[in-house]
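Here is a friendly briefing to read alongside the model. Have the viewer open and follow the topics in turn.

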Amino acid sequence: MIDAREAVTRAHHEEWARVVAALTRRFGDLDIAEEAAAEAFATAVERWRADGVPPNPGAWLTTTANRRAIDRIRRENKRDDRQKEAQMAYDDDPPEPLGAIDDDRLRLIFICCHPALAVEARLALTLRMVGGLTVPEIARAFLVAESAIGQRITRAKAKIKAARIPYRMPSVDDLPARVSGVLAVLFLVFNEGYLASGPDTDPVRHDLTAEAIRLTRLIRALLPRDGEVAGLLALMLLTEARRTARTSASGELVALDEQDRGAWDAELIAEGHRLVRERLAAAAAGVAPGRYQILAAINAVHTSARDIRDTDWSQVLALYDQLVRLDPSPIIALNRAIAVAELDGPEVALAAIDRLEPRLAGYHPYHATRADLLRRLGQSQQSRAAYDRAVELAGNTGETAYLTRRRDQLR
Amino acid sequence: MRYLVSVIDDKSDPGSTDRQPAISAFNERLIAEGYWVFAGGLADTDAATVIDNRGEQAVFSDGPFVESKEYLAGVWVWEVPDLDVALRLATEASKVCDRKIELRPFQ
């Protein structure tokens, strides 16, 4: 017999977004959808233990949530709910066309990541409505007070309602920009997990990286032909594959050149490489890759090398050159310089990054990279100063420990 | 759904003054597509008067209710199905007017 609690947990992962999305379409209200879905899952915990797990958990949850939503609307029985009452009269919605792009969950993701909402609100709303994380879970993940997260979500829902942010697929013209907005939200969630900030936080928040990957997989299933979706998923997988090797037993960050490559997750790497190959084939056919695809390709080069010395740095540099053309940001230029250091030596790289100083003076990886190049050039004193600055600016405990050790190893 | 569309100018960095023909053409389109409800450019904020009759006696004061670098230069009212349509039009309007646009739904 399947353990009821386990079944609820699995259903929560697989069905939460679907239930919320279906209810949002039916009742036109995120608030009602969220509350009714939460109640349905709470009911499932009790009922499934007593009566056994239903044959179709998703249908059971949707039906239960629907009833809860109708109960709530009847209870409130407000005038402005007349429209919803009318909707309730039709118990069976006309079936929507089930093309990949018409999935309700996609509409849900697009509304949560709408550009008219503040970025923090998009993050919180996506994790709550699509990811099914609770407010306390989101608050813990972002080290923000629960009340603040609750308020962000409430305000976002109120704005969606008052400003009439529509619950439908963006128009064809808007779609690329809107998809890239969704990917940006997921990448932020992933990065917050990967390089968690805060002095008392674990250096890697697996809950956030896992959630970001799960949601990106969902988008990939919904938009299988989008190259950037595939690129972002590959990028996340190839980064996540190195997660355990990236932190030492004492919680210190382990840089790429010191990582135990045997500890990398071969399965995730294989999946990431498959996606990158798929995109390389598309690029060969003339589809220009976007930034996530190029970043994924860079990570594919790194994860293809059995040893740091086997890294194909000229390939890495060529990919960064391609990336710089798409995104002339100083952060990309900084990362490009790391490849330059391997090919042309630290002196050339140092000259390149010194030009970035005005724009990156407050960015700790700038100082960390500079410190490393100066160390390699034997300029210990300047290197130490750069490490000091990097330690001062770094927010991640594992990075701080790593940078401190490297500084203290200087002669 | 009706939106108030505010055109915001900046005293220290004003938008260009040759936009009228483009705005007229844009208005024609809004009318043709059925979105246009109202449009009007506003006189300078110096011409504003604030009236406060909450107390015993009405008080008139010269100037706008708030002095700021940025100010309301004109308004539209649009009737559109939802915010996505309004955002698309407002994106064009900002270019056409060479000024910032604020979108705010009516209740």
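In this predicted model, the axes of helix 6 of chain A and helix 9 (residues 175–194) of chain A come within 10 Å and cross at roughly 80°. Axes here are lines fitted to C-alpha atoms, for helices over the stretch in contact, with angles from 0 to 180 degrees between N-to-C directions. Helices (H or I, at least four residues) and strands (E, at least two) are DSSP runs, numbered from the N terminus.

**Helix packing in chain A**

- On the helix 6 side, V119(A), R122(A), L123(A), T126(A) and L127(A) meet V185(A), L188(A) and V189(A) of helix 9 of chain A, where contact means heavy atoms within 4.5 Å.
- This contact between helix 6 and helix 9 of chain A has six nonpolar residues, one polar and one charged (Ala, Val, Leu, Ile, Met, Phe, Trp, Tyr, Cys and Pro count as nonpolar, Asp, Glu, Lys and Arg as charged, and the others, Gly among them, as polar).
- Helix 6 (residues 119–130) of chain A also meets helix 8 (residues 146–162) of chain A, their axes coming within 9 Å and crossing at roughly 95°.
- From helix 6 of chain A, the residues E120(A), A121(A), A124(A), L125(A) and R128(A) take part, facing I149(A), R152(A), I153(A), A156(A), K157(A) and I160(A) in helix 8 of chain A.
- By class, the contact of helix 6 with helix 8 of chain A holds seven nonpolar, no polar and four charged residues.

**Where chain A meets chain B**

- Eleven residues from chain A and ten residues from chain B make the contact.
- About 830 Å² is buried between chain A and chain B, 51% of it on carbon and sulfur atoms (buried area is the accessible area, with a 1.4 Å probe, that two parts lose on being put together, summed over both).
- In chain A, the residues losing the most area to chain B are A163(A), R164(A) and R168(A), together 46% of what that side buries.

**Salt bridges**

- Three salt bridges are counted between chain A and chain B, a salt bridge being a side-chain nitrogen of Lys or Arg within 4 Å of a carboxyl oxygen of Asp or Glu.
- R178(A) pairs with D84(B) in a salt bridge whose closest N and O atoms are 3.5 Å apart.
- Over all chains the count comes to 42 salt bridges.
- R47(A) and D51(A) join in a salt bridge (2.6 Å, N to O), and both lie in helix 2 (residues 30–51) of chain A, four residues apart, about one turn of the helix.

**Chain B**

- Chain B has two helices and six strands, in the order β-α-β-β-β-β-α-β along the sequence.
- Its C-alpha atoms fill a box of roughly 50 × 30 × 20 Å, taken along the principal axes.

**Conventions**

- Residues are numbered from 1 along each chain as its sequence is written, chains are lettered from A and ligands numbered from 1 in the order in which they are written.
- Local features need pLDDT of at least 70, side-chain atom pairs count only at pLDDT 80 or more, and totals for chains, interfaces and linings use all residues, while side-chain values use heavy atoms, with hydrogens and water left out.
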